[in-house]
Every structure is written in structure tokens, then in C-alpha cells.
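Work through the exercises below with the sequence and the structure in view. Each task is followed by a solution in steps.

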Amino acid sequence: MVATVTSTADGRAVGTSPPAPGQDGNRRRRRRDAWAATAFVTPSMLAFGVFVIVPALAGLGLSFFSWDLFTPPEWVGLDNLARLLGDGRMWGSLWVTLLFVLLGVVPTIVVGFVLAVLLNTRLPGVEALRVLYLAPMVASSAVAAVLWAYLYDGRTGIANSILRWVGIDGPAWLSDTTWALPALSLMMIWLALPLVMLLYLAGLQRIPDDIYAAAALDGAGLWRRLWSITWPNVMQTTVLVTVLQVINFVSGSFETALIMTGGGPLDSTQTLALYAYRTAFEKGEMGYASALALFQLVLIGVAVGLVRLAAKLRSAT
Amino acid sequence: MTLRTLVRYATLLLCGLLMAAPLFYLLSASLMSAQDARAFPPHLLPPNVVWHNYAEAYEFLSARAIVNSFVFSIGIVAAQLVISIPAGFALATIPFRWTGLLLGVILVPMFVPANMTLIPLYIITYQLGLVGTYAGMILPVAGQTAFAMLLFRQFFAGLPPGLIEAARLDGAGWPRVLTLIALPLARPALAAYCSISFLTAWNTYIWPQVVAPDREHQVMTVALAPLAQGQYTLMSPSVGLAAAVISMTPVLIIFLAFQKWYIKGVVGTGLE
């Protein structure tokens, strides 16, 4: 994609200028283009370099140092890695991270897909209804946290009131070691659904109508069409959505947990990302925190690799 | 209308209401008295509407935090616009041998989660002496220009090529082509970019919390977050919820006004 754009732009510039400025003019023109491009691109790329590339590389490098920001950094080689492998809290937070992914990603995908199918209709008035579905998009993690903490309140929250209504005595959600994590996952699913739904809607709209017409002629029912036509045809979207949601639940979840439970009770909602954050900003151990963050990136890399592999295997069979 | 469409409408409405229900309840409970907000069984609608909650919430947030949120968000959007539009334009239209390489460089970190680079980003900001300043809050976020550059590049690449070429043959330099021809046409891209970026910046919590959590620089998300852990138990929960509504209002307005562009931008960029 990238290469075609450049070469067409190039070809057009050289090939179609009618007055044929000659080799000299051509070269001058190209040099002027290069100058202009450089001037246009430099401020943005400079900012990108300082605030994206350098931090990314620095994060890598920092993992091999011990540093509290105030005394000079000290090279410790692989000590951080060794410490990480022997760190019980790290393994605990790794487990919490995996639980988050398990509880969050699959429901987000399934519900997001179903809602998109529901919304993907030409019935009049659907546009207006769509706003309701997208509503969670405007809530920041802080707003959502304040709201859901209120809903989850053990004594007076509406969650437990509904449960009591059907005869269940609900737990004190956010201060319960078993239920805090599922409670946070539910809230994060709610926050993530609009984007997933939009991506699926875009995917659904690319499926040509005549496939469905043909299937209807063959007498395929609603479920059969959904399962053997719609679902396989949005596979690409599913891969993308899965990758985005794995990143969201591995890494984005830490913000939610930080605001709502601070990782507690008893570390039961402390993900790897949150552990790294606290190691850096509460204990001031920048080197070890970077090693933890790097470990998290490796985790995401492995997960994304697995998703890709699964998609490839599925399309092969 | 057949029974089938009727069922479909009913399902659509029901699911939609379910999705929006927490936010409706937020609005409703923000208008309850302290007793009503803690009552059991809970009230769905306020028995007595207490507008005073909003006055208290405004005081709790402080005008300063509201202004800070605007400074932070508008600062990020403006800074990114100024540097990303020319870059996106150049990457899309000016023949340049490094274009491919630059695009590759931009794309790579798109899938690296933001909290990965949080620590080194903080260290850089600290070394630049910007911790606890507006510049420190704004510049490092504004520097994450990949999304903006790609969005504008994609838009400018879609302009009819003859248009730019004609202007070039008339002797217009690249800056003129950008400002007089391409930019006036870029309104859809601008709308998409501004709505998405403003909303994202407005809702950002972690970066301003890390870099400038003091009262003077506090944005609304930072002021709001402690309420989730009930650290202000003396305050009525309704006041906290009213504060949440206040902080959400500007983005709600922008979202409703720019919905179409917002969705186009979110779905169309960097993700496909």
C-alpha cells in the first residue's frame, strides 16, 4: 500500500508534466519537493521521536538498570529478570491479568457481534437507536468508575438490590476478593462494547447482500445464516477486535483497577500493568518496573501471535 | 408492519436501553437527596429533585479543574493539528523517497500499549523539567502523532490528484497548495480528528495524574477519580455523581454533534 502511493505520486510528477522541463528542471523540481516534504514532516516526526520512539527504546534499556530517578542509574544486567521470575507478587498479578483476559475478551466479542448484527438493518429509526448503544463511549474511566462503584455498593447499590429482588444476597462486590475482578470485568466490557460493535458493523456492511439472498433461497434459517455466512465473513474483523481487546484487558484494565480498587482487596485485582505502575510511581524502582512492563509486552505479543495463528488455522480448514 | 419487524424493534430498543441504563441512572441519582440515593429499595427516579447537588459538585470540582480540562484537551488538539496536518499532507502528496520508511516507523508502535511507555515518558518529562507544568501535561501526549498523521494522510491521499497537480502547474508552492487548496477541503477529516482527539484527551486520566496531580493543575478526571473509592464518605453520593455528569457534559455535546464524523474516524483509521 505504502509503496504504491509513493510510486504513483512519483510517476505522475515526472510523467505527466506536459511542458517537459528537461533533466535540469526535473532535478530541481525533485529537490524542491524533497525540501518541502522534509519541512512538512520534521516537526511531527521530531515530536514522535522524542515522545514515542525514544520512550519505547528507553523502556527496553531501562529494564537492565536499577534506578530511583535521583541517584545515577546502575547497570544490573539480567538481575531484574531474575528478580521478576522469583517474585511471588509478579506471578499473582500475571494470574490476575490472565483472568481479566478470560473474563473480558470473549464476552466483549460475542455480545459486540450480536449487537452489531441486531443493529445492522435498514429499518427506519435505527440510526436514532444507535446512539443508545454508543452511549458508554462518552464516559471516561473516571466517570465510569464513580458510577459503577455506586452501582456496586454492597449495602445500597442497585446491583445487589436487583439480586435481592430475585432472592440472592449479593456480595460487597468491590471489597470482595472473589467478586472484585468479575465486577471490574463487567464494567470494562460495557465500556468496550461500542467500539467493538462499530467495527463489526463496518465489517457486516462489507458482506454483499446476494450471499444472503442465495442462502435464503437454499432455505437456510436465521441461525444457520448467522453461523455459516455472517460469522465467517467477519473473521478479519474478529481478529482485529480480539487483538485490540486483548491489549485493552491486559493493559487498559490497570487504570480501572487503579481508580476503583487500587489493586485490592489483597491484590485480587492487581494486574501486571498495575504492579508495574505501582513499582514505578509508589516505590520509585524505575528499572524493575520497566522489566515488568516489558514482560507485559511479551505477554501481549504471545497472545496476538496465538490469535493470528488460530485465525490462520481456521481459514485453512 | 409485520410481527417480525415489531419484535426486532422491541429487541433493539430493549438492548439499547440496557446499554444506556447506567448513564440514565447516573443522571437520575445525581438529582437525589443523600437519603434517597442511599435508600433501600433504591429509587429509579428522584422522589424530590435536588438541583443543589450540582452547585455542591461544582464547588467540589472547582472552576480551576474545569478550566484545566479545557486547557489540557484544547492544547493537545491544537498542538497536534499544527504539526500533523503538514506531515499527513506531505506523506500523502509530495513525492519523497523516505515516505515509505516514515510510514513504517509510524505504524510500528501503534500496537504498543500506552502504559508500556508511561515510565520512560515520565522520566523524559522529568528530565526536561516539565513535571508539574501544563507543558508537561500537554506536549508528551501531543507528541503521540501517529493517529493524526495517518488520518490526515489517508484523507489527503483521497483527494483527486488532478487538483493538486493543476495547482502545482500554475506555479503554486507546496505550502500554498496545502493552505489554499487541500485544507479547505479537509473539513470532514478535521471534524473526525477534532472530535476523536478532544474526547480522548478529555477522558485521559493516567498521564495528568502522574505528571501534575496537584490542585493547581488537576484536570476533572483526576479530581473525580478518588470518589470511586469513597474517600469522601461525608459527601452525598449524589454530589459525586453530579460531578461525574458535569465532567461528562462537554464530550457528550461534542459526541452528539459530531457522531457521524467520530464514527467514521474511529472505524476508518489505523484499524484497517
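**Exercise 1. Describe the secondary structure of chain B, then that of chain A.**

Solution. Read from the N terminus, chain B runs α-α-α-α-α-α-α-α-α-α-α-α-α. The count for chain B is therefore 13 helices and zero strands, where a helix is a DSSP run of at least four residues. Chain A has 13 helices and two strands. The model is a predicted one.

**Exercise 2. State the extent of each chain and how much of it is buried.**

Solution. Start with chain B: along its principal axes, the C-alpha trace covers about 75 × 65 × 30 Å. Of its 272 residues, 47% are buried. For chain A, the box filled by the C-alpha atoms is roughly 85 × 75 × 40 Å along the principal axes. Of the 317 residues in chain A, 40% are buried.

A compact globule of 317 residues would have a radius of gyration near 20 Å, whereas chain A has 26 Å.

**Exercise 3. Find the domains of chain A and the distance between their centres.**

Solution. The domain assignment gives domain 1 (21–62) and domain 2 (80–316) of chain A. Their C-alpha centres are 38 Å apart.

**Exercise 4. Describe the side of chain B that touches chain A.**

Solution. First count the residues: 84 of chain B are in contact with 82 of chain A. Then look for the main contributor on the chain B side, which is helix α1 (residues 3–29) of chain B, giving the largest share with 16 residues. Last, sort this side by class: 64 residues are nonpolar, 17 are polar and three are charged.

**Exercise 5. Locate the largest nonpolar core and follow one of its residues.**

Solution. The largest nonpolar core holds 171 residues, and those with the most contacts inside it are A:Ala145, A:Val146, A:Leu147, B:Leu224 and B:Ala244. Helix α8 (residues 180–204) of chain A contributes the most to this core, namely 19 residues. At least three residues come from each of domain 1 (21–62) and domain 2 (80–316) of chain A.

Now follow A:Leu147. Leaving out residues up to four places away in sequence, A:Leu147 touches B:Pro22, B:Leu26, B:Leu241 and B:Ala244.

**Exercise 6. Check the length of helix α7 (residues 146–157) of chain B and its burial.**

Solution. The helix has twelve residues, so at 1.5 Å a residue it should span 16 Å. Its end C-alpha atoms are 16 Å apart, which agrees. As for burial, nine of the twelve residues of α7(B) are buried, and the helix is mostly covered. The buried residues include B:Met149, B:Leu150, B:Phe152, B:Arg153 and B:Phe156.

**Exercise 7. Is B:Leu183 buried, exposed or partly exposed?**

Solution. B:Leu183 belongs to helix α9 (residues 174–185) of chain B. A residue needs 20 or more C-beta neighbours within 10 Å to be buried, and 12 or fewer to be exposed. B:Leu183 has 16 C-beta neighbours inside 10 Å, so B:Leu183 counts as partly exposed.

Technical notes. Residues are numbered from 1 along each chain as its sequence is written. Chains are lettered from A and ligands numbered from 1 in the order in which they are written. This is a predicted model: local features need pLDDT of at least 70, side-chain atom pairs count only at pLDDT 80 or more; totals for chains, interfaces and linings use all residues. Domain bounds come from an automatic or database domain assignment. The radius of gyration is taken over C-alpha atoms; the globule rule is 2.2 Å times the number of residues to the power 0.38. Two residues are in contact if their C-beta atoms, placed from the backbone, lie within 7 Å. Ala, Val, Leu, Ile, Met, Phe, Trp, Tyr, Cys and Pro count as nonpolar, Asp, Glu, Lys and Arg as charged, and the others, Gly among them, as polar. A nonpolar core is a set of buried Ala, Val, Leu, Ile, Met, Phe, Trp, Tyr and Cys residues joined through C-beta atoms within 7 Å. The expected span of a helix is 1.5 Å times one less than its number of residues.
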